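I opened the model to look up a few residues and one surface feature. My notes follow.

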Amino acid sequence: MATSVRLRRLGITAVAAAGGSTLLLRDPSISTSDRGAAAPALDTLRHRIANANGVVPPRSAHRSALIASTAADPVDILVIGGGATGCGVALDAAARGLRVGLVEREDFASGTSSRSTKLIHGGVRYLEKAVFNLDYGQLKLVFHALKERKQLIDNAPHLCHALPCMTPCFGWFEVVYYWMGLKFYDLVAAGRLLHLSRYFSAQESVELFPTLAKKGNGRDLKGTVVYYDGQMNDSRVNVGLACTAAISGAAVLNHAEVISLHKDKTSGRIIGARIRDNLSVVRQQIRLYYQLKHLCNFHLKGEEFDTFAKIIVNAAGPFCDSVRKLADKDVQPMICPSSGVHIILPDYYSPEGMGLIVPKTKDGRVVFMLPWLGRTVAGTTDSDTIITMLPEPHEDEIQFILDAISDYLNVKVRRTDVLSAWSGIRPLATDPSAKNTESISRDHVVCEDFPGLLTITGGKWTTYRSMAEDTVDTAVKSAKLKPNNPCLTNYLRLIGGDGWEPSSFTVLAQEYMRMKRSFSGKVVPGVMDTAAAKHLSQAYGTLAKHVASIAQNENLGKRLAHGYPFLEAEVAYCARNEYCESAVDFIARRTRLAFLDTDAANRALPRVIEILASEHKWDKAKQNEEFQTAQRFLQTFKSTKNAQFHDGKHT
């Protein structure tokens with residue numbers, strides 16, 4: 001109870017909306033928040049996040065805080081959706097001193113936010129449109145995205161970094177065109193420039209990127225232009241946002257689903273939500289389910305409770321319309337879903353530290369191939385899709401990516417090399433009052449088409465912070481909230497980022513051992529090798545020492561999968577400190593094993609579940625359920641072994 005009260009004092013987020021229907025399209029102008037006036041509050045918050053030492057309030061405290069809200073004493077903002085935007089809203093609002101709550105039906109980053117391109121980009125294509133169409137609006141979008149690109153890298157330095165990207169040129173006109181265009185990109189970035197772009201000759205290019213073809217479509221390579229954008233570990237940034245919001249005072253609850261909205265009987269304003277906690281199932285019910293499942297259809301349901309808020313923020317990504325339908329089942333849709341497919345290939349397809357961008361394939365699409373977490377990620381597609389909880393890539397989309405990159409490589413591109421393939425749903429936004437589809441935008445939209453329910457959708461990962469700022473600004477105005485501070489997230493590092501340096505991994509390598517149990521049960525020492533130390537440092541920042549300590553002191557230093565640096569200690573740490581509540585949470589979002597190598601994730605599952613069972617006190621029935629759920633999840637990642645295909649030209 002004391003923890004619950006403390007959370008509420010810190011500023012638990014709740015949802016409140018204002019009357020009337022308003023629509024706001026994002027203004028990409030730079031925020032005018034006065035850092036000087038907010039310096040004391042900012043310093044206090046930074047100190048709290050740094051001193052938390054990775055210890056977040058338990059999930060039960062967040063749940064109690066949400067239950068404690070009443071119609072007479074509501075939270076300020078309730079956020080529905082735990083993706084980048086939702087967690088960004090929760091952090092922004094909590095940092096302003098508002099009472100904030102957040103609920104997520106699955107897990108933080110379980111949807112689009114974990115299935116991105118992994119790029120933090122300013123939008124080179126928007127710049128091209130701005131120049132050729134003389135469109136100042138597009139140019140402002142680029143200015144804005146470049147600002148946010150630099151801010152994101154600064155705020156999560158352990159999880160984000162600059163990445164050089166090579167654009168191959170097979171004609172001298174292409175050399176001049178891309179060199180001038182990317183120099184203009186540098187100019188627009190100005191003080192937020194990561195590194196200057198430059199031209200490399202054909203010979204220099206092949207030395208930097210050994211698998212790059214010297215001939216493409218019958219033409220000789222003339223050279224390449226290399227420019228810089230950012231790259232990130234998307235789901236870990238998202239989890240970092242959730243944990244930072246929790247330490248800042250927000251009540252964040254994953255695996256909690258909104259099943260209905262409450263309206264004031266007099267005004268019709270939305271004042272709260274009915275929430276189902278999908279983790280509150282009684283253990284006896286689970287055992288009963290496994291005893292009776294052959295006799296009847298017995299569906300487990302979690303405990304339900306009410307949360308009240310002054311305004312509710314709908315940040316459910318592709319599922320925004322589902323939330324809006326809770327307010328009005330006949331509401332006009334505002335989401336136009338688009339499918340983006342990515343594949344993972346072995347590391348030898350691309351050199352470490354250099355990506356390949358093909359700005360225009362045969363059908364006009366952009367395809368990239370980038371080093372990511374020791375493997376190569378390639379994509380992406382952009383096609384119409386339906387909205388589903390577990391989107392799956394189609395075989396023709398995988399083949400399209402393989403065909404596209406094969407034109408630019410001197411190695412055989414094989415379907416059998418695909419270690420993992422996944423699909424993400426981009427929630428492209430439309431103005432719900434528009435009469436045609438021309439308003440479909442890749443920019444974000446904030447609208448309040450129901451009193452008390454504010455919807456934020458569209459946009460992209462790079463600009464999540466400013467999307468959250470716009471949303472909270474609108475919520476404050478709409479619900480007449482009284483924040484203690486202006487927006488502080490421009491200057492706020494995520495948990496684990498403050499004090500981190502690229503060399504921090506050396507401390508782990510020098511000071512910690514990886515104690516592990518052999519197959520015979522004997523505890524044997526192991527070296528904290530460079531690969532493991534770098535991985536821990538880059539995944540957890542300054543908190544990596546806590547994971548290393550578990551590996552050393554609790555005999556959990558063994559690797560979970562051969563060829564990957566993920567350690568058993570991470571399972572225990574994430575269960576204790578990152579709200580990791582299921583096996584899928586761990587293999588997909590706390591680590592990226594499912595995305596990197598589906599088959600390796602499958603092999604690691606038994607040990608992951610064993611450790612989580614110890615941490616969460618699962619019985620055998622629950623462990624069996626977790627294993628089956630995780631296997632169904634992995635079946636949607638179309639690696640070579642779980643895909644049905646005829647390889648044809650790629651063998």
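Before placing anything, I note that helices here are DSSP runs of H or I with at least four residues, numbered from the N terminus. The model is a predicted one.

Entry one, Arg592. I looked up its place and found Arg592 in the loop between helix H18 (583-590) and helix H19 (593-596). Is Arg592 buried or exposed? I count Arg592 as buried because its relative accessibility is 1%, and the cut-off for buried is under 20%. Its side chain makes a polar contact with the side chain of Ser235 at 3.1 Å. The side chain of Arg592 also reaches the backbone oxygen of Ala588, at 3.0 Å. Leaving aside neighbours within four places in sequence, I listed contacts of Arg592 that include Ser114, Lys118, Asp234, Trp372 and Phe566.

Entry two, Thr211. I found Thr211 in the loop between helix H8 (202-208) and strand S7 (215-216). Thr211 is buried, at 9% relative accessible area. Which residues does Thr211 touch, not counting those up to four places away in sequence? I noted Tyr348, Tyr349, Tyr408, Leu409, Asn410 and Val411. The side chain of Thr211 reaches the backbone oxygen of Tyr349 at 2.8 Å.

I found a nonpolar patch formed by Val131, Phe132, Phe184 and Leu187, with about 400 Å² of accessible area together. Helix H5 (124-132) and helix H7 (172-189) are the elements that give two or more residues to this patch. Val131 sits in helix H5 and counts as partly exposed, at 41% relative accessibility.

Technical notes:
Residues are numbered from 1 along each chain as its sequence is written. This is a predicted model: local features need pLDDT of at least 70, side-chain atom pairs count only at pLDDT 80 or more; totals for chains, interfaces and linings use all residues. Side-chain values use heavy atoms; hydrogens and water are left out. Buried means under 20% relative accessible area, exposed over 50%, partly exposed in between (1.4 Å probe, protein chains only). Contact means heavy atoms within 4.5 Å. A polar contact is a pair of N or O atoms within 3.5 Å; within protein, one must be able to donate a hydrogen and the other to accept it, and residues adjacent in sequence count only if both atoms are side-chain atoms. Patches are made of residues with over 30% relative accessible area and no salt bridge: like charges are joined within 9 Å, nonpolar side chains (Val, Leu, Ile, Met, Phe, Trp, Tyr) within 5 Å. Accessible areas come from the Shrake-Rupley method with a 1.4 Å probe; for residues, only the protein chains shown count as cover. A salt bridge is a side-chain nitrogen of Lys or Arg within 4 Å of a carboxyl oxygen of Asp or Glu.
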